[in-house]
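Here are a few notes to read alongside the model. Have it open while you go through them.

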Amino acid sequence: MSEHTHDHDHHEAEGPHVSLKEYVIGFVLAVILTVIPFWLVMGNVFESSTTTALLILSFMVVQIVVHMVFFLHMNFHSEGGWNMLALIFTLVLVFITLAGSLWVMISLNNNMMPGMMG
Amino acid sequence: MSEATMTADVKTQDGQLEFLVKGDHHPQNGTLLGFWLYLMSDCLIFAALFATYGVLARSYAGGPTGMEVFDLSLVAINTSFLLLSSITYGFAMLQMQANRLKGTLFWLAITGLLGAAFLGLELYEFYHLIHIGATPQTSGFLTAFFALVGTHGLHVLFGIVWLVTLLFQLKKHGLIPANKRRVFCLSMFWHFLDVVWVGVFTYVYLMGVLP
C-alpha cells in the first residue's frame, strides 16, 4: 500500500494518489472473492447450510476490506486519520444495529408459543 | 494515527495559541472528509435495512421463498457489472491523475453504462417478481427485500445522475480542481455502493437460496 506517498508536488490536487497496480490487485482479489461464494452456493459444495453461510459471510467480510483498501484507499494517514476514526465508529454502530436486532428478534421468536410461529 | 509532530507553543499575530502540524499536511478543505462522513451515515441507513431484512428473511407468510424467486445467474451477471464498473471508475481516476480529459470522460461514460446495465437488470428482476405475484405486500420477507435492494438501486440511480452531470461539467470546464474534487467524491460514492452490494449479494441472495 502507498505508505504516505503524498509528495509535495501533488499539493494542489485533493485526494489520495492512486495507482493502476492498486486497482488491478483490488479487482483481481474482488473477482476471486466473488466467484468462490457463488460457486459454493450454486454448486451445492457443502451439505450443511450453516457451513456454507459462515464461509460466504467470511468471504463477504474479506471482500469488504479489499474494497476499502484498494478502491476507497482507506489507511490511517489520509485526512489525518479522521476518516478511519469515522469508519471505526460507524462499524461499531453497524455491529450493534445488526447483532442487537437479530439477537433480540430471534430470541423473541424462540420464546413464542410453537403454534404462533410463521 | 499520524506521525505528525505537534508543537503547541506557536503564537499567531493576535497572540492566540496555534497548533503547528509538521510532517503532515492539512486537507485543502474538508470536502472529502465531509463526504466520507455522509457515506458513513448512509452506511447506518443500510445497516438498519440489513437488520430488518435479517429479522424478516424467513417470514414468508405463505408466499414464495428466496429459493423459489431468486435467480442466481442473473445476480452473478449484475454483480459482475458493478464490479467491472468499479475498476473502470479506477481507470477514470488514473486518467484524471494524468490530466487527460478525453480518457477521463471515456472511462466515466463506460462506468455510467455499466451502472445503467446493472440498474436495467435489477428493474427487470423487480418487474419479473411483481409479475409472478411476489410483490412487496406479499410477505415480510419481500417487503424487506424490496426495501433493501430498492434503496441500493436508488443510490445507483442517483450515482448515474451525478455521473452524467459531471460529464457535462467536465466537458464544459475541463479538469479544474473543483471538478477533480467532484470526481473524487463520486468515486467514493460509487465504490461505497459496490461495498454495499457485496453485502446484498451475500446476505440476501446467496444466503436466501440456502435451504
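The points below take the predicted model chain by chain, then helix by helix.

1. Let's start with chain A. UniProt, in an unreviewed entry, gives "transmembrane region" for residues 23-41, 53-72 and 84-108 of chain A. I checked two of these spans against the model. Residues 23-41 of chain A come out as 100% helix and 0% strand, with the end C-alpha atoms 27 Å apart. Residues 84-108 of chain A are likewise 100% helix and 0% strand, and there the end C-alpha atoms are 36 Å apart.

2. Now the overall layout of chain B. It has six helices and two strands, and the order along the sequence is β-β-α-α-α-α-α-α. Of its 211 residues, 36% are buried. Take the contacts in chain B with a separation of 6 or more: 74% of them join residues 24 or more positions apart.

3. Helix 1 of chain B deserves a look of its own. Its 26 residues should span 38 Å at 1.5 Å a residue, and the end C-alpha atoms are 38 Å apart, so the two agree. Its buried residues include B:Trp36, B:Phe46, B:Phe50 and B:Tyr53. What do the buried residues of this helix pack against? Their partners come from both chains: helix 3 (82-110) of chain A, plus helix 5 (140-173) and helix 6 of chain B.

4. Helix 4 of chain B (residues 101-131) gets the same length check. With 31 residues at 1.5 Å each, it should span 45 Å; the end C-alpha atoms are 44 Å apart, which agrees. Among its buried residues are B:Trp107, B:Leu108, B:Thr111, B:Gly115, B:Phe118 and B:Glu122. An α-helix has 3.6 residues a turn, so residues three or four places apart point the same way. The cover over the buried residues of helix 4 of chain B includes helix 2 (66-69), helix 3 and helix 5 of chain B.

Conventions. Residues are numbered from 1 along each chain as its sequence is written. Chains are lettered from A and ligands numbered from 1 in the order in which they are written. This is a predicted model: local features need pLDDT of at least 70, side-chain atom pairs count only at pLDDT 80 or more; totals for chains, interfaces and linings use all residues. UniProt positions are given in the numbering used here, feature names are shortened, and annotations may be inferred rather than shown by experiment. Helices (H or I, at least four residues) and strands (E, at least two) are DSSP runs, numbered from the N terminus. A residue is buried if 20 or more other C-beta atoms lie within 10 Å of its own, exposed if 12 or fewer, and partly exposed in between; C-beta atoms are placed from the backbone. Two residues are in contact if their C-beta atoms, placed from the backbone, lie within 7 Å. The expected span of a helix is 1.5 Å times one less than its number of residues.
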